[in-house]
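We will go from one stop to the next, picking residues and looking at what surrounds them.

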Amino acid sequence: MQTHQPHPATPISDAAFLIKRGKKRGSYNCGRCGLPKKGHICPFAAEVDDVSTPVSKPTAETSAVASIGSASAVVVTPASVSRPAAPPGRRRALSFDDVTVAESVDELAEEEEEVDEDLDLDGSGGLPASCLWEVLRRLPPVGMLSAARVCRGWRETTRRLWRAAEELRLRVPAKAQIGFVGSVLQKCPGLFKLSLKIESDIDATMLACIAFSCPNLQSLEILTSDSCINRISGDDLSRFISDKKCLTSLKMEGCSNLGGFVLSSTSLSSLWLSDLQSLSKMVFNCPSLKEISLDFSRLETDTTDLTAVMDGLGRSCPKLQNIHIASVLLSHDAILALSAANLRGLRMLSLVLGSGITDASVAAIASSFTKLELLDLSGSSISDGGLGMICNVFPETLSKLLLALCPNITSSGIQFAAAQLPRLELMDCGMTICDPNCEKSIDEEDVDSELQKTPNSKMHQIYQKLIIKHNRLKKLSLWGCSGLDALYLNCPNLYELNLNSCRNLHPERLLLQCTSLKGVYASDCENMLIKKIETQVGSDYSAVENNYPLKRLPDGSKRVRVPYFCSPQPCDDDEKGRPAKRHCAVIASGEFV
């Protein structure tokens, strides 16, 4: 049914116009070309304005403009002027289509001004491109693939996200095929860093897929699950590294089927390989290599010649700074082969599980590498004498010392090292002071059952005491020291302490003067010891004062007197008053990290 409309030239009051027609919302689309108004500049605006130039007297062939309150003006197009057709190739799109993130950020203010006042922005169609980009880029790869199927605008945004991605972490489930990895990687032509967590068996096809899909790859990490079998051979790995001219970092687990390899690369600077076994040859032609980590299996059938490996590393990789090798076959001859190399820039040396490493090996290390900042000889057979050589050579450089599972080291050697290494920040002395008569055994998962006991270890006197005063020490680990019964720590910067399985440590002989302590690990300890730790670290020293006598100083402040088993320590007269209340967590279960 049609209603009667007045002639455009007929005068009419605003009230009558509202009664007859009512208030009309503005259009979401441009009245000239039909595209959405938001962020839109019509190319036909100038042409229409020239045609519809207002005249002095309104007629039926001219346009009439009626203002309704404060709402936008409603433009009635004259009948004599036809609406220009939309240009070919244009499509009706959402507001964030064909808009890059940079353009959307720069034009965000202009878009807000041009949007109609009554436009509803709550729907996804009105979401700014920058907001959509920030939301979608936080999705996992599977979520990105699902988001691309929502609508055309989301598909275009996800496509731009894939192309702009420089780093990707992807979990490959057991049921996934190689085509899944290839389809995802082909979406990221500019990928620089890739990390894969693979739960199914892998072979050379995976390396070929990565090499084809990621031409500019610089860093690759392949992590495998326990049930996964890595069938990549040494020739496959050598071919992949030689073909990837931009590759600088490679980390791969489950390398039990390599057999042997010859790695040649001028760009590779970091190499991590784990689960190595019975390698017939290991040749490194990597002049830019700065970091290497070789983790061998713990099987007795391993036939790898580590002496030849060490000799090759020293000769072909002169820029090495960090070396980590974990193998039960480490011996004094292997240390001599490494020491013969001219590795003056070596900063980190980690030789783990080598029961054949003795004090003579420490002497070779100290004479060849004088700028070490980290030294890890866990599982070796060094004694307090070797520890003394370490203190004499590295007093100004060594900041991290790890000597776990070294049964020939005593509490006296640990105290001497703490006193002679002023720059020390981390010390791990787990399982060094052990009680051989302890009936309980440490859980295999806590101590890593692969760490072997040294056959020539000598038993020390049970129930030793340990006194450490250090101004820079931040982390101290004494896990598994069941032969320790007295502990006194005066370390103002210590914030992490591991006392797991210190079963014979007496609560009455424990004193922790560590004002920065944030976490204490005390699993497999006596309940009385745990309560004592909570009392000392959870409040000020008022709780400790009940067990140890107080000493009043000339300035009127009080200090806890050192227990009878500790030597006198100097007091700081500048520090007045009791320390502030501390917030420290005592963890009585779980593993130490």
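This is a predicted model: local features need pLDDT of at least 70, side-chain atom pairs count only at pLDDT 80 or more; totals for chains, interfaces and linings use all residues.

Two packed helices are described by the angle between their axes and the distance between the axes. The axes of α11 and α12 come within 8 Å and cross at roughly 10 degrees. Angles under 35 degrees count as roughly parallel, so α11 and α12 are roughly parallel to each other.

Next, stay on α12 and turn to its other helix partner, α13. Here the axes come within 9 Å, and the crossing is again at roughly 10 degrees. Therefore α12 and α13 are roughly parallel to each other too. To see who makes this contact, select H332, I335, L336 and S339 of α12 together with A360, S361, A364, I365 and S368 of α13.

Which residues of α12 are buried? Select A334, I335, A337, L338 and S339 in this helix, which covers residues 332–339, and you have them. Colour what they pack against: α11 (306–316), β11 (322–326), β12 (348–352) and α13 (359–368).

Time to look at the core. How many residues does the largest nonpolar core have? It has 124, and those with the most contacts inside it are L273, F284, L294, L349, L351, L401 and M427. Pick F284 from that list. Leaving aside its neighbours within four places in sequence, F284 is in contact with F261, L263, L271, I292, L294, L313, S316 and C317.

Select M431, in the loop between β15 (426–428) and α16 (444–447). M431 is not a glycine, yet has a positive phi of about 60 degrees. Then jump to S501, in the loop between β19 (496–498) and β20 (510–513). S501 has a positive phi of about 65 degrees, although this residue is not a glycine either. Is S501 buried or exposed? Its relative accessible area is 6%, and buried means under 20%, so S501 is buried.

Key:
Residues are numbered from 1 along each chain as its sequence is written. Side-chain values use heavy atoms; hydrogens and water are left out. Buried means under 20% relative accessible area, exposed over 50%, partly exposed in between (1.4 Å probe, protein chains only). Helices (H or I, at least four residues) and strands (E, at least two) are DSSP runs, numbered from the N terminus. Contact means heavy atoms within 4.5 Å. A nonpolar core is a set of buried Ala, Val, Leu, Ile, Met, Phe, Trp, Tyr and Cys residues joined through side-chain atoms within 4.5 Å. Axes are lines fitted to C-alpha atoms, for helices over the stretch in contact, and angles run from 0 to 180 degrees between N-to-C directions. Angles under 35 degrees count as roughly parallel, over 145 as roughly antiparallel, 65 to 115 as roughly perpendicular and the rest as oblique.
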